[in-house]
Amino acid sequence: MTEKKRVITRRDFIRTGSRVVMGSLMGFPFIRKAAGQTSEKSRVVLIRDQNVTAGYGSLKEEILADMLDQAVAALFGTTDSAAAWREIVKPGDIVGIKSNVWGYLPTPVPLEDALENRLLEVGVDAKSISIDDRGVRRDSVFKKANVLINVRPMRTHHWSGLGTLLKNYIMFVSAPWMYHGNACEKLGSIWQKPHIKGKTRLNILVMVTPLFHGTGPHHFSRKYTWPYGGLVVSTDPVAADATGARIMQAKRNAYFGENNPISPRPLHIEAADTKFGIGNSHPDRIELVKLGWQEDILI
Amino acid sequence: MIRCLQIRAISVCLALCILSFIALLMTQNTYANSLEGLQQRLPKHVDAWTAEPQDRIFDRKTIFSYINGGAEVYKAYNMRECLSRRYTAPNRPFIILDVFDMGSSQDAFGVFTHDTDGEVIDVGQNARLRPGWLSFWKDRYFISIYAEEETKATEKALKEIAGQVAAAIPKEGTKPGILARLPLEGLQSDSIRYLHHPIVLNYHYYLSDENILSISAETEVALAAYQVGNQEARLLLVYYPEPEKAMQSQVSFLKHYLPDADSTGAALLEDGKWAAVKRKKQLLTIVLDADSRELADRLLKSVQ
């Protein structure tokens, strides 16, 4: 007998008294595990440094690279970052770094450079490394890549609620708009495709100056960014996104002075957990390690 | 006989001339009302800013390459084309003018209601100004004017561009007919949203992860907030192409949202608010978050 799909409504949130967090993933009452999903907690490292930004659009490159190193060492439980990078890649690997070029808030170039440098230091051939976004399907390195590193800034999004690590892989499919249905709920399915599945060794959600609100076709105003100075790093993209989503929700509530749900609700994060078994979205199944600057951490 | 043929030939020529003239007038009128026709009348210079030589025009497929997934909002309102013109000035932030041809004034109004925050200004048929972004609608066009940075100079330029674009659109359009069904008493006019996509509804008022009201391109939806005295509520109207669809949606709403509704279709929710549903032919009326049963009943009865 097939299980009928449970329809979740606003009423469910009202019933469980979790209305105040509607739009985030906290306290979601119906979370279930997808088949094959690990029962282990996902480790997520949140590292912050208040000095990483030197004004909007200007980054302290050395601080950013150091944050990255500290985060991977904490993530893999190694004594130094070099050992962590050796767990992420081997010298013979072919590595695609999936970046994001959205004009108003792209993946910071210094972070891309730091990632490339760390790969080179491990011994990965320079010709076996590519950094790309919209050209990944045509890129010869990405076509052969056995390792993917996923790095993008966190922002609100008109249709999916949030621009996330999960959403960053939409460029790996030929018809991205096919995944826009129901607030991009099925983005997790992209991660199950044979040319993607099992290849992602590291996910970095850039929250240096996240965009917590947006309107209009260009969906960007500097007014709605803030110097959070953070990176959210995990091998589990769902756990990293869910953590980032909680921070975004807290920022919106603080900024607007009332509960202001991320809208539309970012269904794709919990669906990646409950439907596609990509990772863990619920805080109970996330081990959050906080490093660095703690003030106004929002989580 | 020859004279008769001559008269007939002259008559045919005259008729052809008149038809050609009418066709020419129609073509000119169509052109004048088209995005291409409007393009010729858009400002090329405003204050220190000058339009770049080439505009870009996007259709329903290529719009994704311009505004990524944000394009879904405009597609949800049946966008036909979008013209984008970029203005630059030395050492000043760039300005982008986007003219969306929505195909109908109803959808131009609808997409305008997607973002109604900001200061009301007198441009087009309704306009809003926020820091760095001005939007308005007129006829079947939705206009967005975006500045990279918000400064006094860019704000002045945004208003100037908006005024010139509004003047270049020759006529005004009508609002969606469903709005006339909204009761006037207590209506918060700034809260009105018009839509026909479930995700857009969820953007404004999260109802369900599934499309329990079967909202589609064929349905018209109006959502509005009410304040009567010190009591508040929201009203959702959904107009379906056939009564059967409205009836199915009523059943679906009762099943998934109000399984505990009484015989009148009303229920007291766990947060102390009231919700209620009523159908009349093709129109489904839903009251949400009402502070009292009396207000819910009053709104249900007031819908035209």
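Here is a walk through this predicted model, from the contact between its chains to the spaces inside it.

Let's start where the two chains meet. On one side, 36 residues of chain A are in contact with 47 residues of chain B. The size of an interface is often given as the accessible area lost when the parts come together. Here the area buried between chain A and chain B comes to about 3600 Å², with carbon and sulfur atoms giving 55% of it. Looking at chain A's side, A:R11, A:W159 and A:P217 lose the most area to chain B, and together they account for 22% of what that side buries.

Now for the pockets. The largest pocket has a volume of about 1300 Å³, and 46 residues line it. Nearest its centre you'll find A:N260 and A:P261 from one chain and B:Y203, B:H204 and B:R234 from the other. Several elements give two or more residues to this lining: β4 (147-157) and α8 (237-256) in chain A, plus β10 (187-195), α7 (198-204), β11 (220-228) and β12 (231-239) in chain B. β11(B) gives the most, with five residues. By class, the lining of the largest pocket divides into 14 nonpolar, 18 polar and 14 charged residues.

Zoom in on B:F253 and, leaving out residues up to four places away in sequence, it touches B:L207, B:I212, B:L213, B:L258, B:V277, B:I286 and B:L288.

Helix α5 (residues 105-112) of chain B is worth a stop: seven of its eight residues are buried, so the helix is largely enclosed by the rest of the structure. Among the buried ones are B:F109, B:V111 and B:F112. The buried residues of α5(B) pack against α4 (71-75), β7 (126-130), β8 (133-138), β9 (141-147) and β10 of chain B.

The whole structure holds two cavities of 30 Å³ or more. The largest has about 60 Å³ of space, and its lining includes B:L207, B:I212 and B:L213, which B:F253 also touches. The second largest cavity, with about 40 Å³, is lined by A:N182, A:A183, A:P264, A:R265, A:L267, B:I199 and B:N202. By class, that makes four nonpolar, two polar and one charged.

Conventions. Residues numbered from 1 in each chain as written. Chains lettered and ligands numbered in written order. Predicted model: local features only at pLDDT ≥ 70, side-chain atom pairs only at ≥ 80, totals over all residues. Heavy atoms only, no water. 1 Å grid on protein atoms, 1.4 Å probe; cavity = no way out; pocket = protein on both sides within 12 Å on 5 of 7 lines; lining within 4 Å. Points joined across faces, edges and corners; volume = space filled by probe spheres on them. Helix = DSSP H or I, 4+ residues; strand = E, 2+ residues; numbered from the N terminus. Nonpolar A, V, L, I, M, F, W, Y, C, P; charged D, E, K, R; others polar. Contact = heavy atoms within 4.5 Å. Buried area = accessible area lost by both parts, 1.4 Å probe. Buried < 20%, exposed > 50% of the residue type's maximum accessible area, 1.4 Å probe, protein only.
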